[in-house]
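Here are some notes for a first look at this model.

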Amino acid sequence: MQDRDALQEVYRRTSRKLFGICLRILGERADAEDAMQEVYLTIWRRAGSFDPARGSPISWLVALTRNRAIDLLRRSGRREMAPIELADEIADETPDAETALLQLGDDAQINTCIETLAKSDATMIRTAFFEGTTYAELAGRSAMPLGTVKSRIRRALLKLRECLG
C-alpha cells in the first residue's frame, strides 16, 4: 500500500542529500530536478521492493538516485560533472540525511569499514558510489578490464556488508 505521509517524510529527510548526488552527476540544476522527480516516483512505485537484508534504506535510495542520474546523463550524451562543492549550495537549512547518519554514527562506521579495504578497492568504491563514476569509466581510468573492475567492486561491497553487519 502506498502511503503519502511516509513518502513525504522520506522526501523531507533525504531530498537534500539525493539532490546533491543528482546535481553532482548531472551538473545542471534543471536536470537534477528532473532526476529527483523520477527518483521519488520510483520510490513511490517500488517502496515495497526494498529488502532490508540487502542494505540500509539510505543505501537503497542513494543507489536508485545514482543510477537514475547516470541513466539521464547517458541519455543526454553529456559526461561533464559539476564540482561536488555545488551540492552544498542548496537552500534547505534542515539537516540533511548525511548529517543525520553522522549523528547516529553510521557514517563513521562506513568510513571505518571502507578503510579496511585495500587502498585501490577503497578508491574504486568511493569513486563509483560517491562521485557517480560508472564502472566503464573506472575501467578506463585504471587501465583494467571492465569485468575485473566489476569483480573487485563486488568483492569490496561484500567485505563492506560483512563489516557493517
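Is Arg12 buried, partly exposed or exposed?

1. Arg12 is partly exposed, with a relative accessible area of 48%; buried means under 20% relative accessible area, exposed over 50%, and partly exposed in between (1.4 Å probe, protein chains only). The model is predicted, so local features need pLDDT of at least 70 and side-chain atom pairs count only at pLDDT 80 or more, while totals for chains, interfaces and linings use all residues. Residues are numbered from 1 along each chain as its sequence is written, and side-chain values use heavy atoms, with hydrogens and water left out.

2. Arg12 forms a salt bridge with Glu9, the closest N and O atoms being 2.5 Å apart (a side-chain nitrogen of Lys or Arg within 4 Å of a carboxyl oxygen of Asp or Glu). Both residues lie in helix H1 (residues 4-26), three residues apart; helices are DSSP runs (H or I, at least four residues), numbered from the N terminus. Glu9 is partly exposed at 29%. Arg13 joins Glu9 and Arg12 in a network of salt bridges.

3. A search of the whole structure finds seven salt bridges. Among them, Asp121 and Arg152 meet at 2.8 Å, N to O. Asp121 lies in helix H6 (residues 119-130) and Arg152 in helix H8, so the pair ties together parts 31 residues apart in sequence. Both Asp121 and Arg152 are buried.

4. Glu38 and Arg68 also form a salt bridge, at 3.6 Å, N to O. Glu38 is in helix H2 (residues 29-46) and Arg68 in helix H3 (residues 57-76), 30 residues apart.

Note on methods:
Helices (H or I, at least four residues) and strands (E, at least two) are DSSP runs, numbered from the N terminus.
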